[in-house]
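Here is a short tour of how the side chains pack and pair in this model. Have the sequence and the structure open as you read.

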Amino acid sequence: RSSDLMLLDPFTTKLLSSCCRMSDLLAEGITVVEDVYKKREPVPNLKAVYFMAPTEKSVDELVKDFSGKEPSKYKAAYVYFSDFCPDSLFNKLKSCAPKTIRRCKEINISFFPLESRAFILNVPNAFYRCYSPDETADKEAMMEEVSQQIVTLCASLDENPGIRYKRWPLDNSNELANLIEEKLVKYYQTDVINKNKGKTQSQLLILDRGFDPVSTVLHELTFQAMAYDLLTIENDTYRYKTEGSQGQEKEAHLEEDRKS
């Protein structure tokens with residue numbers, strides 16, 4: 001198997017770190033992982049896999065690598081966007097040297113899978129932007145971002161769910177539900193494989209935090225919660241030193257399928 005190089009932006013770096021390790025990438029032939037925003041040395045004998053969010057900054061870095069004005073940094077580019085890529089950004093790719101971009105695809109994974117049945121959107125200021133009376137909080141932009149991320153989750157699961165929400169006491173759930181429905185309709189109209197996909201049996205339930213404020217102050221009575229309380233764990237990794245005069249530094253990765 002040939003060796004490849006992978007280029008990530010800050011968003012996809014966090015995303016990939018949440019669901020796989022370097023050993024998983026090595027098994028797939030990825031030998032080097034680099035930040036697409038940083039200065040990089042050319043490696044013309046390697047193919048480059050670009051996994052990045054569809055932002056202007058990321059696309060500009062890709063175009064710079066294959067501009068045609070200078071020798072291309074890599075043998076070829078395989079581009080994967082984490083979300084829907086606007087036409088304006090797709091058009092920028094046309095300025096790359098001919099035949100350098102071998103593949104360009106949207107893979108719809110703009111969320112962070114923590115476990116097989118748990119995910120987060122990683123929008124830490126969403127609560128403030130949703131409820132703050134401050135106009136600069138930009139609630140509408142936050143709602144757009146969150147709704148688009150949830151649509152990529154539905155697309156990854158191949159689901160077009162019915163959407164249910166609780167309207168009272170605020171209209172946040174109503175607003176989010178309408179945005180998600182609009183984006184789902186648009187997505188399945190443009191999806192070649194599942195064009196005009198009908199509603200599936202799944203249900204997406206949207207609840208405002210006011211529906212259950214008590215859960216935020218309760219403590220989970222689980223082994224996982226206890227481990228995070230008592231141990232220093234970062235990114236699901238616990239670092240410790242073995243006993244004895246020649247104790248060694250070791251790591252333990254907390255995974256849901258781990259037996260011990």
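## What sits over helix α3

In this predicted model, the cover over the buried residues of α3 includes β1 (4–8), β3, β4 and α4 (87–92). Contact here means heavy atoms within 4.5 Å, and helices (H or I, at least four residues) and strands (E, at least two) are DSSP runs numbered from the N terminus. Helix α3 itself spans residues 56–65, and its buried residues are S58, V59, E61, L62, V63 and D65. Buried stands for under 20% relative accessible area, exposed for over 50%, and partly exposed for anything in between (1.4 Å probe, protein chains only).

A word on the ground rules: this is a predicted model, where local features need pLDDT of at least 70 and side-chain atom pairs count only at pLDDT 80 or more, while totals for chains, interfaces and linings use all residues. Residues are numbered from 1 along each chain as its sequence is written, and side-chain values use heavy atoms, with hydrogens and water left out.

## Two nonpolar cores

A nonpolar core is a set of buried Ala, Val, Leu, Ile, Met, Phe, Trp, Tyr and Cys residues joined through side-chain atoms within 4.5 Å. The largest one has 23 residues, and M142, V146, I150, I163, I180, L184 and I206 touch the most other members. Elements giving two or more residues to this core are α5, α6 (139–156), α7 (172–190) and β9 (203–206). Helix α6 supplies the largest share, eight residues.

Leaving out residues up to four places away in sequence, V146 touches L121, V123 and L176. There's also a second, separate core of 19 residues, with V59, A77, L93 and C96 among them.

## Aromatic pairs

The structure holds nine aromatic pairs. Rings of Phe, Tyr and Trp (its six-membered ring) pair if their centres lie within 6.5 Å; planes under 30 degrees apart count as stacked, over 60 as edge-to-face and the rest as tilted. With ring centres 6.5 Å apart and planes at 70 degrees, Y50 and Y74 are therefore edge-to-face. Y50 is in strand β3 (residues 43–52) and Y74 in strand β4 (residues 74–81), so this pair ties together parts 24 residues apart in sequence. Y50 is buried at 0% relative accessibility, and Y74 is buried too, at 2%. Together with F66, Y50 and Y74 form one aromatic cluster.

F127 and Y131 make a tilted pair, 4.8 Å centre to centre with 45 degrees between the planes. Both lie in helix α5 (residues 126–131), four residues apart, or about one turn of the helix. F127 is exposed at 54% relative accessible area, whereas Y131 is partly exposed at 32%.

A salt bridge is a side-chain nitrogen of Lys or Arg within 4 Å of a carboxyl oxygen of Asp or Glu, and the whole structure has nine of them. One of them joins K92 and E56 at 3.0 Å, N to O, linking helix α4 to helix α3 across 36 residues. K183 and E144 also form one, with the closest N and O atoms 2.7 Å apart; that pair links helix α7 to helix α6, 39 residues apart. R40, D65 and K73 are linked in a network of salt bridges.

Which buried residue has no salt bridge? That's D4, whose nearest side chain of opposite charge, K47, is 4.2 Å away (Lys and Arg count as positive and Asp and Glu as negative; His and the chain ends are not counted). D4 lies in strand β1.
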